[in-house]
Amino acid sequence: MLTDSKLRAMKPKAKIYKVADRYGIYVTVSPAGGISFRLDYRLNGRRESLTLGRYGPDGITLLRARELAMDARKEVREGRSPMIEKQRAKAKIQASSTFGEFALDWLENARMAESTRAMRRSIYERDIAGPFQNRLLTEIKPIDIRNLCQKIKDRDAPATALHVR
């Protein structure tokens, strides 16, 4: 079983090597010295590996890696591949770098009545575009959306706040 002191003591070798933890979790140590947490699991008769994250000050901790692995194993029990879900999420974010690009694409391509589209476009341009248009999708957190909705509710427009949410 891995500990933080064992992780800090790992030294790079000429080739990548693995050190097992438990429950399918292991770390790979690259020749450059990078340590990455991974999880092996089986789904529908095939073996898959999920990279949980890099270890270190700018990465994740051993505890966080174990938490992520528990979440991933739950997805596997539900019949979903965490590796494929992670790839889909990355592709979705990369397909539109800013919230504004994502929102305009959604407004153009989502199935909805033209009257609904016009109403949502109006709300986007009036209330959402200003604070969020040029931000990356990964930069927008739930607290940002709650604060924006609260501002809209404060001006006596609770229905608009629901649409923004």
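Predicted model: local features only at pLDDT ≥ 70, side-chain atom pairs only at ≥ 80, totals over all residues.
Student: Before anything else, what counts as a helix or a strand here?
Tutor: Helices are DSSP runs of H or I with at least four residues, strands are DSSP runs of E with at least two, and both are numbered from the N terminus. By that rule, the protein chain has 7 helices and 4 strands.

Student: And in what order do the elements run?
Tutor: Starting at the N terminus, the order is α-β-β-β-β-α-α-α-α-α-α. The radius of gyration is 22 Å, well over the 15 Å that the globule rule gives for 165 residues, so the protein chain is more spread out than a compact globule. That radius is taken over C-alpha atoms, and the globule rule is 2.2 Å times the number of residues to the power 0.38.

Student: OK, what box do the C-alpha atoms fill?
Tutor: Roughly 60 × 35 × 25 Å, taken along the principal axes.

Student: How much of the chain is buried?
Tutor: 34% of the 165 residues. Buried means under 20% relative accessible area, exposed means over 50%, and partly exposed is in between, using a 1.4 Å probe and protein chains only.

Student: Let's pick a buried residue. Where is Leu39?
Tutor: Leu39 sits in strand 3, residues 35–43. Its relative accessibility is 1%, so Leu39 counts as buried.

Student: What does Leu39 touch?
Tutor: Not counting residues up to four places away in sequence, its contacts (heavy atoms within 4.5 Å) include Tyr23, Ile25, Leu50, Ala72 and Arg73. As for Glu67, it is 28 residues from Leu39 in sequence and 12 Å away in space, C-alpha to C-alpha.

Student: Tyr23 came up there. Is Tyr23 buried or exposed?
Tutor: Exposed, because its relative accessibility is 57%. Tyr23 lies in the loop between strand 1 (17–20) and strand 2 (25–29). Its phi is near 55°, a positive value in a residue other than glycine.

Student: New topic: which residues of helix 4 are buried?
Tutor: In helix 4 (residues 99–109), they are Phe99, Gly100, Ala103 and Leu107. They cover an arc of only 95° around the axis, which puts them on the same side of helix 4. That arc is the one spanned by directions from the helix axis to the C-beta atoms.

Student: What covers them?
Tutor: The cover includes helix 5 (114–132). Ala129 is in helix 5 and counts as buried, because its relative accessibility is 9%.

Student: One more: where's Arg66, and what does Arg66 contact?
Tutor: Arg66 is in helix 2 (residues 62–77). Leaving aside neighbours within four places in sequence, Arg66 contacts Met1, Leu2, Asp21, Arg22 and Ile25. At 18% relative accessibility, Arg66 counts as buried.

Technical notes: Residues numbered from 1 in each chain as written. Heavy atoms only, no water.
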